[in-house]
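Let's take a walk through this model together, with the structure open beside the text.

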Amino acid sequence: MPSQPQRWIIFTDLEGTLLDIHTQQWQPASEWLTRLKQRQIPVILCSSKTAAEMMLLQKELGIGPLPLIAENGAVIQMGDDWQDADGPRRIIGSPHEEIQHVLTQLRENDGFKFTTFSDVPEQTISDWTGMSLKHAALARLHEASETLIWRDSDVRMRAFDETLASLGLQFVRGARFWHVLDQRGGKAQAVSWLLSRYQQKEGFRRVSVGLGDGPNDAPLLDSTDYAVVVKGLSRDGIFLKDDSPERVYHTRSSGPEGWREGLNYWLSSLSQQQT
């Protein structure tokens, strides 16, 4: 258990972690979100979702316009009070239009079977995810990746993965969907970059906690000082480079209840303080 006091920073996945994967609700985590904001502990959203949707979620969660990591690390959106030489948004690797073109060619020429978010209207995405139509519309605004449902065999999936890799792209599994992005992007690179920027800006190193529930969260959890593996739906689980109990806590609860449980574990002294 880390000693107190610490200057913390939280990196968290959304669906299945901070958000209930079926209802998109986060109320069980609301007390912690308030406490963290009061103590000026940054909560950095780190998800496969688009930056447009995550910026709306920041407002709904009441955590302010902090930096965020979108599209599995292919997009980094800086906060309002950050001055960055690269501008307010960093796009890592190939843009969405190029990735979408590759996927179209693979489907037409090689017969791979899948359905992307770009193929369907927001109503369909809402039906798939439980999102509101407003969120579903924003979920289609990819800038450097594409989200899809795989509808082919496991054998064909391996061929698809190998073909993408030969083209400089990666095929990433989330809690429910698959994601295609440039090999140069990723949650690990984005987390490390943001941690260095925080240290450069503030003049001290924050102690990081990462929370996630799906296979695509492993790079995030491998990049933080402490990690919370929130109980999730993935049958394959999450495989970490260092899964020792001194660094990693596995929750008994899922979704925002598990998120709350994980912060109660690592930030126990803070959780006992009055808000």
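This is a predicted model: local features need pLDDT of at least 70, side-chain atom pairs count only at pLDDT 80 or more; totals for chains, interfaces and linings use all residues.

Residues are numbered from 1 along each chain as its sequence is written, and side-chain values use heavy atoms, with hydrogens and water left out.

What does the word pocket cover here? On a 1 Å grid over the protein atoms alone, a pocket is an open set of points where a 1.4 Å probe fits, with protein on both sides within 12 Å along at least five of seven lines; lining residues have an atom within 4 Å of a point. Grid points are joined across faces, edges and corners, and the volume is the space filled by probe spheres set on the points.

The largest pocket has 17 lining residues, and Q40, I41, P42, L66 and Y198 lie nearest its centre. Helices α1 (30-38) and α7 (187-202) each contribute at least two residues to this lining; helices here are DSSP runs of H or I with at least four residues, strands are runs of E with at least two, and both are numbered from the N terminus. By class, the lining holds ten nonpolar, two polar and five charged residues. In this scheme Ala, Val, Leu, Ile, Met, Phe, Trp, Tyr, Cys and Pro are nonpolar, Asp, Glu, Lys and Arg are charged, and the others, Gly among them, are polar.

The second largest pocket has a volume of about 170 Å³. Its lining includes M55, L56, P65 and L66, and helix α2 (residues 51-61) gives the most to it, with four residues. Five nonpolar, four polar and two charged residues make up this lining.

Now find S94, in the loop between β5 (89-91) and α3 (96-110). Is S94 buried or exposed? S94 counts as buried because its relative accessibility is 14%; buried means under 20% relative accessible area, exposed over 50%, and partly exposed in between, with a 1.4 Å probe and protein chains only. The side chains of S94 and D182 are joined by a polar contact of 2.9 Å, that is, a pair of N or O atoms within 3.5 Å; within protein, one must be able to donate a hydrogen and the other to accept it, and residues adjacent in sequence count only if both atoms are side-chain atoms. Leaving aside neighbours within four places in sequence, S94 is in contact (heavy atoms within 4.5 Å) with I99, A144, L169, D182 and R184.

The other serine, S253, sits in strand β12 (residues 248-254). S253 is partly exposed, with a relative accessible area of 29%. Beyond its neighbours within four places in sequence, S253 is in contact with V230, K231, G258 and E261.

Finally, the rings: the whole structure has 15 aromatic pairs. Rings of Phe, Tyr and Trp (its six-membered ring) pair if their centres lie within 6.5 Å, and planes under 30 degrees apart count as stacked, over 60 as edge-to-face and the rest as tilted. W8 and Y226 form a tilted pair, 6.3 Å centre to centre with 55 degrees between the planes. W8 lies in strand β1 (residues 8-12) and Y226 in strand β11 (residues 226-231), so the pair ties together parts that are 218 residues apart in sequence. Y226 also forms a tilted pair with W266, at 4.7 Å and 40 degrees.
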